[in-house]
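Hi there,

Here is the structure I promised to pass on. Have a look at it first, and then read my notes below.

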Amino acid sequence: MSILVFIEAAEGSIKKSSIEAACYAKAVATQINSQVTALVAGEASEAEIQALGKYGVEKAYLLEGDPFKNFAIAPVSAALTQAAKSCSAKVIIGAKSNLSDAVLPRTTAALKASMTTNVVSLPSTNGGFEVKRSIFTGKAFATVKLESDIKVLSVKKNAIELSESPVSIQVEKLAVTLSDADTSVKVTGQEKATSAISLPEADIVVSGGRGLKGPENWSLVTDLAKTLHAATGCSKPVSDLDWRPHHEHVGQTGIKVSPNLYIAIGISGAIQHIAGINASKVIVAINKDPDAPIFKVADYGIVGDAFEVVPKLTQALSKI
Amino acid sequence: MKILVCITSVPDTTSKISFTNNNTQLDPNGVTFIIGPYDDYALARAVELKETGKATHITALNVGLADTEPVIRKALAIGADDAIRVNAAPVDSWFVATQIAEVAKSGNYDLVMMGRESIDYNSGVVHSFVAEMLGWQVVTPVMKLDIEGTTLSISREIEGGKEFLQANLPLVVGCQEPIAEWKIPSMRGIMSARTKQLQVVEPTSTDLKVKTLNFELPPAKSGCKYVDADQVEQLVSLLKSEAKVI
Ligand SMILES: Cc1cc2nc3c(=O)[nH]c(=O)nc-3n(C[C@H](O)[C@H](O)[C@H](O)COP(=O)(O)OP(=O)(O)OC[C@H]3O[C@@H](n4cnc5c(N)ncnc54)[C@H](O)[C@@H]3O)c2cc1C
Ligand SMILES: Nc1ncnc2c1ncn2[C@@H]1O[C@H](COP(=O)(O)O)[C@@H](O)[C@H]1O
């Protein structure tokens with residue numbers, strides 16, 4: 001019996017959110033007296049895999065072969081299902097991402113398990129298995145009880161603090177049998193912003209809205225983001241107008257972020273935008289309209305012209 | 001090619017959410033219900049596929065009680081040819097997926113289009129459950145979808161970009177923008193929706209996997225601390241020493 005954690009890696013490194021998931025898995029394992037096994041999808045360096053041991057992972061399954069290279073949904077799901085069977089997983093945990101969103105529920109269905117997403121805290125395991133999750137896009141929470149023998153959880157960023165509990169880790173290749181159907185969806189290409197910091201993963205996010213007037217002014221946002229090692233985001237009209245790419249769109253119909261710090265520049269704070277940011281620890285708003293609704297959810301605010309305030313802020317930050 | 005579009009009936013995105021009955025039920029007072037925004041993208045793209053001759057028939061499907069019918073009628077007004085309502089409260093994702101899989105199978109649909117996630121419980125799991133139940137493939141979240149014969153070209157959002165895929169029918173997809181622009185029903189659409197068929201079917205039974213115990217609202221924010229536009233250094237020091245986020 002084991003707790004299985006789904007780990008995502010790319011270009012040698014394991015995603016920070018996956019480390020959070022590993023810590024979550026370890027905490028659950030401690031609660032129910034079990035140990036943590038990991039399935040590593042994607043390319044992780046030897047050192048990164050060994051480092052999983054630091055967070056309490058006792059065994060890691062690795063995947064080999066072309067079908068797994070592009071994170072194709074069906075092969076990775078088949079691998080996760082296989083891993084769950086091999087380690088007799090009782091609980092499967094992953095960090096919320098576009099990949100895990102597609103992979104975890106497939107495995108859940110294959111195992112006839114029960115699953116819940118957007119989990120924000122550790123389960124209570126006295127008697128049943130209950131967890132708190134975020135619903136209505138952050139406007140509320142629900143406590144749910146998972147009834148099946150196997151439970152699958154997708155955990156929201158910042159649901160748990162990182163903590164170390166070192167063990168030695170054993171590494172094993174996982175043999176997965178794929179059907180023709182599993183490889184029938186072909187990945188034909190990819191278009192990716194390479195150097196950019198990932199928005200859902202970032203600890204700090206700097207976002208711009210229509211108040212910035214046009215894409216030619218975006219260096220205001222990107223310069224500040226660079227100084228803070230932050231990811232860049234935007235409001236929906238900004239991506240609809242093609243000022244910024246769609247994967248930067250934050251909100252109800254875009255990416256939901258929960259960073260430590262979210263800085264909103266020239267964003268009015270429409271309820272649909274707030275829905276995507278209200279799980280942030282600290283929100284800073286810069287807007288020239290003192291009545292802009294963004295100030296209702298902000299922790300810190302500057303009423304002023306972004307074109308004057310932001311360069312000064314970037315400069316002040318670069319001095320620290 | 002027959003398309004099944006699965007729609008949710010959810011509170012309008014501007015709704016204030018509150019609960020009743022000892023925090024076990026959503027308070028529907030003052031809430032307007034709409035087609036889930038992501039489902040609305042799926043529907044809009046389905047209508048485009050029909051307009052361009054790629055699809056022959058669109059059925060809108062909802063698993064819900066009679067109070068969702070106004071939202072189903074709206075889907076008919078936007079362009080679905082007919083609709084099915086599985087007469088049951090959507091108690092958990094597994095239950096809903098079981099109903100959808102049943103309809104998809106018995107109606108011989110080729111493409112099941114859903115939203116990336118519902119905006120009430122934001123689970124984002126129903127499409128994958130349905131695919132696994134049917135033994136089909138699933139792609140989500142889909143930003144672009146085209147069909148040539150039985151081959152689909154799809155672009156899917158990945159972190160920091162997109163990937164391009166080739167898939168075959170039958171398929172389940174979870175949709176998001178910019179797959180299509182939301183459609184507003186025309187007067188003609190609204191008129192014709194009144195006479196289109198809305199079939200009500202009874203659910204298939206299945207075991208429940210997730211039980212919702214209760215709801216709560218997040219604690220209120222303590223209020224905004226303002227910093228003068230000429231004193232950005234003060235903001236920097238607050239973020240550093242008070243909020244401790246930089
Ligand atoms: C179903 C639905 C879903 C939606 N989903 C989303 C979503 O996911 N995400 C999202 O963002 N939106 C979403 N929207 C749109 C949302 O309702 C708003 O229209 C949008 O968020 C507004 O974007 P904005 O704040 O950039 O622009 P605006 O509302 O135009 O605000 C611009 C702000 O900039 C300020 N400003 C102007 N000039 C300056 C200056 N020089 N310096 C400082 N401030 C300045 C103005 O005071 C104003 O507050 C959705 C809408 C619907 C109906
Ligand atoms: N009660 C329902 N009736 C019809 N379709 C649904 C229902 N619930 C969910 N769906 C579909 O499944 C998608 C994902 O929903 P969810 O997994 O609940 O986030 C939605 O966008 C809908 O397309």
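Helices (H or I, at least four residues) and strands (E, at least two) are DSSP runs, numbered from the N terminus. With that in hand, take strand S15 (residues 282–287) of chain A and strand S16 (residues 300–303) of chain A: they run parallel and are joined by four bridges. Val284(A) sits opposite Tyr300(A) in S16(A).

Some housekeeping. This is a predicted model, where local features need pLDDT of at least 70 and side-chain atom pairs count only at pLDDT 80 or more, while totals for chains, interfaces and linings use all residues. Residues are numbered from 1 along each chain as its sequence is written, chains are lettered from A and ligands numbered from 1 in the order in which they are written, and side-chain values use heavy atoms, with hydrogens and water left out.

**The parallel sheet**

S15(A) and S16(A) belong to an open sheet of six strands, in the order S13(A)-S12(A)-S14(A)-S15(A)-S16(A)-S15(B), with parallel pairing. At the edges, pairing on one side only, are strand S13 (231–234) of chain A and strand S15 (225–226) of chain B.

Helix H5 (residues 219–228) of chain A packs on this sheet and touches strand S12 (204–208), S13 and S14 of chain A; contact here means heavy atoms within 4.5 Å. The direction of H5(A) makes about 175 degrees with that of S12(A). For such angles, axes are lines fitted to C-alpha atoms, for helices over the stretch in contact, and the values run from 0 to 180 degrees between N-to-C directions. Helix H6 (residues 232–242) of chain B lies across S14, S15 and S16 of chain A together with S15 of chain B, at about 175 degrees to S16(A).

Which residues of H5(A) are buried? They are Leu220(A), Val221(A), Leu224(A), Ala225(A) and Leu228(A), where buried means under 20% relative accessible area, exposed over 50% and partly exposed in between (1.4 Å probe, protein chains only). These residues cover an arc of only 125 degrees around the axis, so they are on the same side of H5(A); the arc is that of the directions from the helix axis to the C-beta atoms. They pack against S12, S13, S14 and helix H9 (306–318) of chain A. Just after H5(A), His229(A) has a positive phi of about 50 degrees.

**The mixed sheet**

Another open sheet has 10 strands, in the order S11(A)-S11(B)-S10(B)-S9(B)-S12(B)-S8(B)-S1(B)-S6(B)-S7(B)-S13(B), and its pairing is mixed. Its edge strands are S11 (186–192) of chain A and S13 (198–201) of chain B, each pairing on one side only. On average, neighbouring strands of this sheet are turned by 30 degrees against each other, direction ignored.

Strand S10 (residues 151–158) of chain B is largely enclosed by the rest of the structure, because six of its eight residues are buried. S10(B) pairs with S9(B) in the antiparallel sense over six bridges, with Ile147(B) opposite Leu152(B). Eight bridges join S10(B) to strand S11 (residues 161–168) of chain B, again antiparallel, and here Arg156(B) faces Glu163(B). The hairpin of S9(B) and S10(B) has two residues between the strands, and Gly149(B) takes a positive phi near 65 degrees there. In the hairpin of S10(B) and S11(B), which has two residues between the strands, Gly160(B) takes a positive phi near 75 degrees.

Strand S9 (residues 137–148) of chain B also pairs with strand S12 (residues 171–175) of chain B, in the parallel sense over four bridges.

**The ligand**

Where is ligand 1? It lies between chains A and B. Of the 28 residues around ligand 1, those that come nearest are Arg210(A), Ser235(A), Ser268(A), Gln272(A) and Asn287(A); a residue counts if one of its heavy atoms lies within 4 Å. An oxygen atom of ligand 1 is 2.7 Å from a polar backbone atom of Ser268(A), and an oxygen atom of the ligand is 2.7 Å from an N or O atom in the side chain of Gln272(A).

Gln272(A) is also among the residues touched by Gln252(A), as are Thr13(B) and Tyr38(B). Gln252(A) is buried, with a relative accessible area of 3%.

Cheers

Key: Pairing = 2+ DSSP bridges. Polar contact = N/O pair within 3.5 Å; in protein donor to acceptor, adjacent residues only side chain to side chain. Lists of a residue's contacts leave out its neighbours within four places in sequence.
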